[in-house]
Amino acid sequence: MAAPVVDLEGAKRTTRTVGRFLLIQLIVLLVSLATLGIIPFLIWLAALATSFQLILRIRNIAEHACTTTGGDDPFSHARTTKANMLMRMTLAPYWVNYHSEHHLFMGVPCYNLPRAHELLIAKGYGPRMTIANSYAEVLRTVTRPVAA
């Protein structure tokens, strides 16, 4: 149980960083409670305990399930899922449905990911990418029995 700390300075630096993060979060919470009251916090807590977990799970499945993550071709490490307006408002805010593009170009701002997708398709990279037409298609794909 008493494992030696190999990098004491690194542990101290991490502790300070986490401490600052928690302090800032506490300040934000207190300012929010003081200005908006407790109702927004309770709504956030209810979403965190219910729908948010489901949305996060579906999105994680859509981004990576049944792809060749770790393979030689970086174009197939993640999936791009086409999303209608309802899906964009619920499952895919900030263009997270363009997940292949995000993995290929991590420094591209989220609002430019649709343009990156268009450019990749125009340059002929579409066949190398994992692209789904909808979140329902992804869920059907990942729940389909594997052929023996």
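Q: Contact means heavy atoms within 4.5 Å; leaving aside neighbours within four places in sequence, with which residues is Ile58 in contact?
A: This is a predicted model, in which local features need pLDDT of at least 70 and side-chain atom pairs count only at pLDDT 80 or more, while totals for chains, interfaces and linings use all residues. Residues are numbered from 1 along each chain as its sequence is written, and side-chain values use heavy atoms, leaving out hydrogens and water. With neighbours within four places in sequence set aside, Ile58 is in contact with Leu91 and Tyr135.

Q: Which residues make up the largest nonpolar core?
A: A nonpolar core is a set of buried Ala, Val, Leu, Ile, Met, Phe, Trp, Tyr and Cys residues joined through side-chain atoms within 4.5 Å. Buried means under 20% relative accessible area, exposed over 50%, and partly exposed in between, with a 1.4 Å probe and protein chains only. The 7 residues of the largest core are Ile58, Ala62, Leu91, Ala92, Ala132, Tyr135 and Val138.

Q: Which elements give two or more residues to this core?
A: Elements here are DSSP runs numbered from the N terminus: helices (H or I, at least four residues) and strands (E, at least two). Those that give two or more residues to the core are helix 3 and helix 7.

Q: How far apart are the end C-alpha atoms of helix 3?
A: The expected span of a helix is 1.5 Å times one less than its number of residues. Helix 3 covers residues 51-64, 14 residues in total.

Q: Within what arc do the buried residues of helix 3 fall?
A: Ile58, Arg59, Ala62 and Glu63 are the buried residues in helix 3. They line one face of the helix, because the directions from the axis to their C-beta atoms fall within an arc of 135°.

Q: Which exposed residues does the opposite face of helix 3 carry, turned away from its buried side?
A: On the buried side, the residues of helix 3 pack against strand 1 (79-81), helix 5 and helix 7 (135-143). The face turned away from that side carries the exposed residues Leu54 and Arg57.

Q: How many disulfides are counted?
A: A disulfide is a pair of cysteine sulfur atoms within 2.5 Å. Cys66 counts as exposed at 57% relative accessibility, and Cys110 counts as partly exposed at 28%. By the distance rule, the number of disulfides is 0.

Q: What is the phi of Trp95?
A: Most residues other than glycine have a negative phi. Tyr94, in the loop between helix 4 (85-90) and helix 5 (99-104), has a positive phi of about 55°. Trp95 is found in the loop between helix 4 and helix 5 and is partly exposed at 26% relative accessible area. Trp95 is not a glycine either, yet its phi is positive, about 60°.

Q: How many residues apart in sequence are the parts tied together by the pair of Phe75 and Tyr125?
A: Rings of Phe, Tyr and Trp (its six-membered ring) pair if their centres lie within 6.5 Å; planes under 30 degrees apart count as stacked, over 60 as edge-to-face and the rest as tilted. There are 2 aromatic pairs, and that of Phe75 and Tyr125 is stacked, at 4.8 Å centre to centre and 5° between the planes. Phe75 lies in the loop between helix 3 and strand 1 and Tyr125 in the loop between helix 6 (113-122) and strand 2 (130-132), so the sequence separation in residues is 50.

Note on methods: Contact = heavy atoms within 4.5 Å.
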